[in-house]
Amino acid sequence: MANNAETTEKIGLHNLSPAPGSHRSRRRLGRGPGSGLGKTSGKGHKGSMARSGHGGPGGGKPHFEGGQMPITRRIPKRGFTNPFREEAQIVRLPDLDRVAGDEVTTETLIAAGLIRAGQGPAKLLANGEVSKALTVKGVKVSASAKAKIEAAGGRVES
């Protein structure tokens, strides 16, 4: 038994090969009339299936609707998307218990794992209650959250 295990080689990426007869070489198009796929390379003469970027296993051209006006041109265009928009990272009041100390800044929120660095400014919202007096510095605060922080004996500095 031990003798057989020594002679059998383990299967790995270095010694894999396809089963005999299962692998065909790819079609080499446009290699002369003797290949059977020369000149037009099996596409025939003219028409959409002979054009580059049309037909084939992936379908036609993206957004091409057979000559009908494409939907991206049919629908009305309205509004404006601001490319510089910054989405605020929301922090709820009960989550502030995870902040070490009684001072809430962007750095202490990142250290507590409540927000991520470089993902936009933080904003405190008034969901829940504040359990201790906190000093909030340099963080956006909603009006109702500010009222709850001040009611708990804390203060908000801009």
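## A leucine and its surroundings

Leaving aside neighbours within four places in sequence, L96 is in contact with V91, V104, L109, L124, K132 and L134, where contact means heavy atoms within 4.5 Å. This is a predicted model, in which local features need pLDDT of at least 70 and side-chain atom pairs count only at pLDDT 80 or more, while totals for chains, interfaces and linings use all residues. Residues are numbered from 1 along each chain as its sequence is written, and side-chain values use heavy atoms, with hydrogens and water left out.

L96 also belongs to the largest nonpolar core, which has 18 residues, and those with the most contacts inside this core are V91, L93, L96, L109 and L124. A nonpolar core is a set of buried Ala, Val, Leu, Ile, Met, Phe, Trp, Tyr and Cys residues joined through side-chain atoms within 4.5 Å; buried means under 20% relative accessible area, exposed over 50%, and partly exposed in between, with a 1.4 Å probe and protein chains only. Strand β3 and helix α4 (143-151) each supply at least two residues of this core. In soluble globular proteins, nonpolar side chains tend to be buried together.

## Overall layout

The protein has four helices and six strands, and these follow the pattern α-α-β-β-α-β-β-β-α-β when read along the sequence. The radius of gyration is 33 Å, well over the 15 Å that the globule rule gives for 158 residues, so the protein is more spread out than a compact globule; the radius is taken over C-alpha atoms, and the rule is 2.2 Å times the number of residues to the power 0.38. Helices (H or I, at least four residues) and strands (E, at least two) are DSSP runs, numbered from the N terminus.

Taken along the principal axes, the C-alpha atoms fill a box of roughly 90 × 75 × 20 Å. Buried residues make up 18% of the 158 residues, and among contacts between residues at least 6 apart in sequence, 39% join residues at least 24 apart.

Strands β1, β3 and β5 form an open sheet in the order β1-β3-β5, with parallel pairing, where two strands pair if DSSP finds at least two bridges between them. The edge strands of this sheet are β1 and β5 (140-141), each of which pairs on one side only. Strand β1 (residues 89-92) has a covered face, made of Q89 and V91, and an uncovered one, made of I90 and R92. Between β1 and β3 (residues 122-125) there are four bridges, and V91 stands opposite L124; between β3 and β5 there are two bridges, and K123 stands opposite K140.

Another open sheet of three strands has the order β2-β4-β6, with parallel pairing. Strands β2 (103-104) and β6 (155-157) stand at its edges, each with a single partner strand, so one side of each is left without a neighbour in the sheet. Strand β4 (residues 135-137) pairs with β6 over three bridges, and K137 stands opposite E157 in β6.

## Two loop residues

V130 lies in the loop between β3 and β4 and is buried, with a relative accessible area of 15%. Not counting residues up to four places away in sequence, V130 touches L93, K148, I149 and A152. V130 and I149 are 19 residues apart in sequence and 6.4 Å apart in space, C-alpha to C-alpha.

G67, by contrast, lies in the loop between α1 (2-7) and α2 (71-74) and is exposed, with a relative accessible area of 62%. G67 and A122 are 55 residues apart in sequence and 49 Å apart in space, C-alpha to C-alpha.
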